[in-house]
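User: I have a model open and would like to go through it piece by piece. Can we start once it is on screen?
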Amino acid sequence: MSAIFTVTMPKWGLSMQEGKVNLWLKEVGDTINPGEEIIEVESEKISGAVEAATSGVLRRQVAQPDEVLPVGALLGVIADADVSDELIDDLVTRFQAEFVPPTEDEADAGPQTQTVQVGGVQLRYLKLGADAAGAVPLLLIHGFGGDLNNWLFNHEPLSASRAVYALDLPGHGSSTKDTGIASLDALAEVVVGFMDAVGIECAHLAGHSMGGGVCLAVTRRAPQKVKSLSLIASAGLGAEINGGYIDGFVAAASRNAFKPVLQQLYSDADLVTRSMIDDMLKYKRLEGVEAALTKLSAGLFAGGVQSEQLASAVSGKPVLVIWGEHDRIIPASHASAIPGATVKVLPGQGHMVQLEAASEVNKLIESFIG
Amino acid sequence: MPAKSSRPTVVGIIANPASGRDIRRLTSRASVFPNAEKASMIVRAIAGLEAAGVRDVLVMPDNGSISGIVFRALGLSGDQTAAGPRFVDMPVDGSAADTLRATEHMCEAGATALIVLGGDGTHRAVAARCGKVPLLALSTGTNNAFPEMREATVAGLAAGLVASGAVPPAAGVRQNKLLRVSCDGRDDIALVDVCVTAHPYVGSRAVWDCAQVEDLFVTFAGADGIGLSAIAGQLEPVSRAALHGLHVRCALPAQTPRRVLAAIAPGLVAEVGVRDYSRLMPHVRTVLTGRSGTIALDGEREIEFDAASHIEVRLDPHGPLTIDVAATLTYAAQHRLLRGYIGDAA
Amino acid sequence: MARKITYQQAINEALDQEMSRDPSVIVMGEDVAGGAGAPGDDDAWGGVLGVTKGLYAKHPGRVLDTPISESGYVGAAVGAACNGLRPVAELMFIDFMGVCFDQIFNQAAKFRYMFGGKAKTPVVIRAMYGAGFRAAAQHSQCLYNIFTHIPGLKVVIPSNPYDAKGLLIQSIRDNDPVIFLEHKALYTMEGDVPEESYVVPFGEAAVVQEGDDVTIVAMGRMVNYAKDAAASLRKRGIQCEIIDPRTTSPLDTDTILESVERTGRLVVVDESHPRCSMASDISGFIAQEAFGALKAPIQMVTAPHVPVPFAASLEELYIPSPARIEEAVMKVKEYR
Amino acid sequence: MSSPLTREGLLQAYRTMRTIRDFEERVHVDFATGEIPGFVHLYAGEEASATGICMHLNRDDYIASTHRGHGHCIAKGVDPVGMMAEIWGKRTGTCKGKGGSMHIADLEVGMLGANGIVGGGGPLICGTALASKLRGTNNVGICFFGDGASNQGTIFEAMNLATVWKLPVIFVAENNGYAEATSSNFSVAVENIADRAGAFGMPGVIVDGFDFFAVHEAAGEAIRRAREGHGPTLLEVKLSRYYGHFEGDQQTYRAPGEVQKLRDTKDCLMQFAKRVTSRGELSMADIEAIDREVKTMIDDSVVQAKAAPLPLPEDLMTDVYVSY
């Protein structure tokens with residue numbers, strides 16, 4: 001029995017409604033294996049590759065480079081070599097005739113964020129993927145000034161075979177803003193409370209930047225709740241941190257002031273679009289954010305020095321360390337701080353490596369946590 | 001219709017545009033009496049006068065707030081030779097002097113009655129100049145003891161009947177008492193009360209704080225009166241006809257066991273301490289000295305004095321004459337002055 | 001946490017949150033409670049369109065119905081602002097500025113300068129504006145340009161629920177007199193609005209969408225018309241950059257200038273009349289500052305120089321439409 | 001009834017009235033030489049009103065004034081030295097030379113500004129009074145206005161609002177008989193501005209504006225009443241201005257000798273001095289000492305004003321907004 005598979009515009013994150021085709025990574029006639037990258041698509045100026053879910057031959061490139069298509073639109077067709085062109089053309093014709101782009105409301109009807117109260121703090125989180133027997137869930141923890149959308153290109157891909165949670169830390173995203181928290185341990189206490197509240201006995205933790213420091217602090221506080229740690233450009237593994245970035249982030253009040261600050265995060269400065277800056281400004285202008293960030297930065301990164309070194313907290317847990325080679329916020333040299341850890345420094349990448357090199361990071365994590 | 005005398009009857013009307021505007025609007029709940037209503041009262045009084053056969057009515061002029069309305073209401077042309085009321089030809093400066101001037105002028109013009117619209121103060125000014133011409137005293141407000149609240153049409157009728165002689169003075173006119181005050185060479189009068197206060201300034205004139213009242217002299221005091229005389233009225237009512245008046249010596253309520261509640265201003269009932277009181281007999285002089293303060297005449301502070309001042313108060317039984325509206329019209333009824341039949345000559 | 005609410009709810013929420021945060025904030029205006037002294041409910045209306053509904057009960061004594069007496073209560077709001085309150089006076093329809101303008105432009109606007117910097121007048125005057133409701137000539141005007149002309153005033157024209165809330169909160173916290181104008185047609189517009197309090201600063205234009213071909217500057221309701229026009233133009237391969245100044249005083253000239261220098265083409269969309277309007281003002285400023293960058297004459301899409309008509313057929317002609325915006329964009333795009 | 005003025009109170013009253021008089025007389029002289037720019041409207045003759053009223057006020061009470069505002073400023077405690085510099089358009093002026101005679105204000109002492117718009121102050125003072133009322137202080141607001149402003153809609157609206165909201169406001173109608181050159185006999189439809197009070201549900205009282213004691217006492221009652229929460233009052237002060245509507249006005253619309261007669265017979269300073277000295281409450285020496293002291297101060301204020309720097313070019317663009 002031969003099969004025909006459609007490749008469609010993916011939905012990365014909650015807000016994505018359309019994507020732009022950058023380029024095809026496979027030519028018509030190429031043999032495709034599951035997991036291979038077929039086409040590069042861009043959303044919110046972040047580009048990512050659509051991976052094959054199946055094996056076959058790329059038979060059609062329906063979408064053309066620079067085309068902007070709604071989520072779910074047909075990009076190409078993979079089929080076994082023996083499927084006739086007529087059948088494939090018929091399928092393409094029928095698909096295009098029947099395809100209705102999702103309305104904004106339907107788009108909203110996708111996975112919804114939820115909130116939970118932990119010790120007087122309201123936390124927003126997003127759970128993707130189903131609880132599976134024997135599968136230890138994964139908890140994603142963003143960095144300073146970030147939120148659960150920092151995992152836009154990681155969250156869904158990692159949720160194929162397990163439940164994956166991403167939360168907004170206190171002071172961030174849509175969680176309670178001014179909680180007075182000024183230490184990694186206090187953040188860890190909230191995270192542990194969160195795990196209890198949503199019924200996570202034990203999880204793989206993945207943390208980015210300050211979120212990595214939080215993962216380490218959770219491990220120190222409640223080792224029984226931690227199965228493994230994936231630390232991406234993590235805090236807590238050395239003294240240095242770009243104090244200019246931290247202070248600039250806290251102080252920036254306008255687009256023009258914010259842009260050069262945010263550009264330090266990325267290897268490709270063009271990724272810092274106006275709408276990204278606008279979104280960050282919207283966050284920063286929420287009541288309590290400035291106070292929260294000021295307290296947190298003073299507690300954790302005063303004077304461009306990290307106040308906590310937590311490499312020893314891992315106490316024998318499996319650890320994966322990922323870093324961007326050209327990280328301008330926390331130097332990649334910190335990657336070797338944990339003896340025995342699996343370390344991967346991605347060449348050419350910056351601090352937001354999980355966004356800029358999402359599929360590579362996803363693969364590393366996937367294979368690390370199994 | 002009554003009384004045809006050889007010369008035409010002249011009646012004057014005096015209305016004070018400034019009455020009813022003093023500080024008692026603030027310190028009590030005294031009414032603001034609109035000048036438009038005063039003008040309307042004049043028009044109604046004229047109707048009564050004309051019905052009683054008076055053809056020559058003299059009206060006090062003012063800056064226009066009353067006279068202008070009267071002028072329009074009666075459709076006057078400004079031609080002073082035409083029939084109808086005339087405005088006295090005199091300078092107007094908007095002060096109490098206008099009232100004095102108008103009174104003198106009307107009396108010289110032969111008025112045999114004056115209708116006065118105002119409060120105690122206005123009547124006091126008229127009384128100082130009107131001699132033996134009887135007054136028909138009409139109150140324009142809630143704050144007066146001397147003039148009465150009554151409908152101006154009826155008042156005009158009564159004034160006309162007395163002025164023309166149709167009702168004889170013995171039937172319609174009453175003698176009032178007067179208080180004469182002299183202080184360091186200044187002489188003045190009061191129709192209802194003289195109040196010696198501790199307040200050092202004439203200031204905004206009205207007296208409303210009983211704590212400042214030291215001596216009170218009254219010509220008459222109704223138990224149902226309003227104003228300072230009401231204090232006396234609750235101690236020993238004195239009628240307008242009685243020969244005597246009353247002298248009350250006040251004290252702070254805390255300093256005397258004798259206290260009285262009195263309506264001393266509209267909306268203001270106060271407790272007044274009384275040291276003692278005595279009848280004030282005609283012509284007996286009461287002398288006060290050794291203090292400083294102000295003397296209020298008919299409720300308004302007029303004279304400041306000091307410790308060296310010599311104050312004399314005495315009751316004069318020969319004050320102004322006033323027309324008793326009820327008695328006049330009762331006489332008219334008894335004598336059928338206003339009755340007639342179809343076919344009677346006008 | 002962001003959720004969808006209407007423009008009207010966003011304004012109500014901004015007032016509510018600021019009144020809770022700062023006891024010196026009061027709301028006054030004709031029928032802002034709606035029922036003072038009447039035998040029925042004290043807050044029957046909550047504003048003529050219900051924008052202030054519910055505030056009366058939540059903030060006792062601080063939502064004040066006024067007589068229909070615009071000079072009186074707008075002036076009182078100004079005076080109260082001089083004496084430590086942060087009043088939000090609702091003028092109902094901006095057309096009513098005619099009966100209280102002195103208190104706004106001769107008093108509130110000038111105090112600080114006339115008094116040598118010693119006065120602070122944190123008053124907000126809210127009013128609805130704009131055509132489209134068959135409300136005719138005295139209840140439909142767009143008069144923000146008149147206020148923009150006056151030094152000492154700030155003028156705010158939110159085009160969506162998010163901006164409405166953030167700009168109103170900024171207006172209330174601002175220490176200068178602010179004219180806050182709400183388009184009637186936007187009250188029912190829904191959008192994502194965070195539950196938390198937040199501010200949108202003045203003088204920061206929003207780049208509603210980016211594009212390299214033509215710059216469209218639009219404000220208030222016209223932003224949404226510009227978006228409609230841009231969506232249609234996109235199908236024709238024309239990428240419009242839409243800039244919403246959000247505040248006309250202060251005006252973010254940098255963002256407009258930067259955009260026009262890149263696109264070389266400018267269309268200004270303004271619901272008010274063409275003479276001495278924001279359209280002519282922005283056009284003049286760009287002609288002066290970016291003449292060399294212009295590849296085509298600037299186009300203004302405005303209402304005509306006539307009062308707002310009543311009849312639907314005329315009013316629809318009066319209001320600038322997406323079609324007219326599209327036409328203007330094509331004109332600047334095709335200019336050779 | 002308010003308690004009698006103490007010796008200190010009498011001295012203060014005289015000093016304030018004398019300061020206003022000398023200030024205005026001096027501005028009159030200097031204006032005539034062409035040294036003072038712009039328009040000035042002098043308060044000379046009306047001193048008893050501002051003084052008798054403002055003596056009851058404290059710093060947190062507000063007054064709204066008029067284009068004829070110098071007297072109100074001085075009575076409310078604005079520094080005459082700064083005022084003189086302001087009138088001379090100097091950088092050291094109360095308003096840094098940006099306001100001038102018609103806009104002198106000092107919110108620090110509760111002076112909400114002279115006002116170039118006739119009737120402009122009524123609504124504003126309702127606002128300061130509303131703020132006082134909502135904050136639960138017992139402060140009051142005084143709205144000074146003239147017979148001209150008594151015909152403005154803003155004043156009617158303000159009086160209505162003050163009663164509707166039961167605000168602690170005293171509307172002080174300073175009726176000097178002329179709105180610019182037009183007689184109030186012509187322009188005011190009623191004999192007394194106070195008569196309008198009834199229409200707005202408040203008491204209306206007339207006082208003699210040449211008599212400090214009359215103004216002081218009536219104002220004391222009205223202000224007490226307002227502080228105790230009983231609402232607004234309209235106080236009509238009948239007075240006269242000695243100079244023209246503005247400086248340079250030849251006043252040919254006035255009767256010959258009208259002003260001189262008032263100066264000779266009713267002048268508030270003269271009456272006051274006679275009254276207090278004849279009763280021995282103050283001595284002539286007291287009066288003369290104040291006269292000398294005030295003259296020195298006014299002379300000095302002019303010397304300082306003349307010597308003071310003009311505003312700088314950079315001052316043009318400042319003080320428009322708190323932030324922009």
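User: In chain B, what share of contacts between residues at least 6 apart in sequence join residues at least 24 apart?
Analyst: That share is 71% in chain B. A contact here means that the C-beta atoms of two residues, placed from the backbone, lie within 7 Å. Before going on: this is a predicted model, where local features need pLDDT of at least 70 and side-chain atom pairs count only at pLDDT 80 or more, while totals for chains, interfaces and linings use all residues. Residues are numbered from 1 along each chain as its sequence is written, and chains are lettered from A and ligands numbered from 1 in the order in which they are written.

User: How many helices and strands does chain B have?
Analyst: Chain B has nine helices and 18 strands. Both are DSSP runs numbered from the N terminus: helices are H or I with at least four residues, strands are E with at least two.

User: And what is the radius of gyration of chain B?
Analyst: It is 21 Å, which agrees with the value near 20 Å that a compact globule of 346 residues would have. The radius is taken over C-alpha atoms, and the globule rule is 2.2 Å times the number of residues to the power 0.38. Along its principal axes, the C-alpha trace of chain B spans about 70 × 40 × 35 Å.

User: What percentage of chain B is buried?
Analyst: Buried residues are 51% of the 346 in chain B. Buried means 20 or more other C-beta atoms within 10 Å of the residue's own, exposed means 12 or fewer, and partly exposed is in between, with C-beta atoms placed from the backbone.

User: Where do the domains of chain B run?
Analyst: Domain 1 of chain B covers 10-176 + 320-334, and domain 2 covers 178-316. Such bounds come from an automatic or database domain assignment. The C-alpha centres of these two domains of chain B lie 27 Å apart. In the contact between them, 20 residues of domain 1 of chain B meet 22 residues of domain 2 of chain B.

User: Which element gives the most to the domain 1 side?
Analyst: H5(B) does, with five residues. By class, that side of domain 1 of chain B has six nonpolar, eight polar and six charged residues. Ala, Val, Leu, Ile, Met, Phe, Trp, Tyr, Cys and Pro count as nonpolar, Asp, Glu, Lys and Arg as charged, and the others, Gly among them, as polar.

User: Which residues of H10 in chain D are buried?
Analyst: In H10(D), residues 268-278, the buried ones are D:Cys268, D:Leu269, D:Phe272, D:Ala273 and D:Val276. They cover an arc of only 125° around the axis, which puts them on the same side of H10(D). The arc is that of the directions from the helix axis to the C-beta atoms.

User: What is exposed on the other side, and what covers the buried residues?
Analyst: D:Lys274 and D:Ser278 are exposed on the other side of H10(D). The cover over the buried residues includes H1 (7-32), H2 (47-54), H8 (212-227) and H11 (284-307) of chain D.

User: Which residue just after H10(D) takes a positive phi?
Analyst: D:Gly280, with a phi of about 75°.
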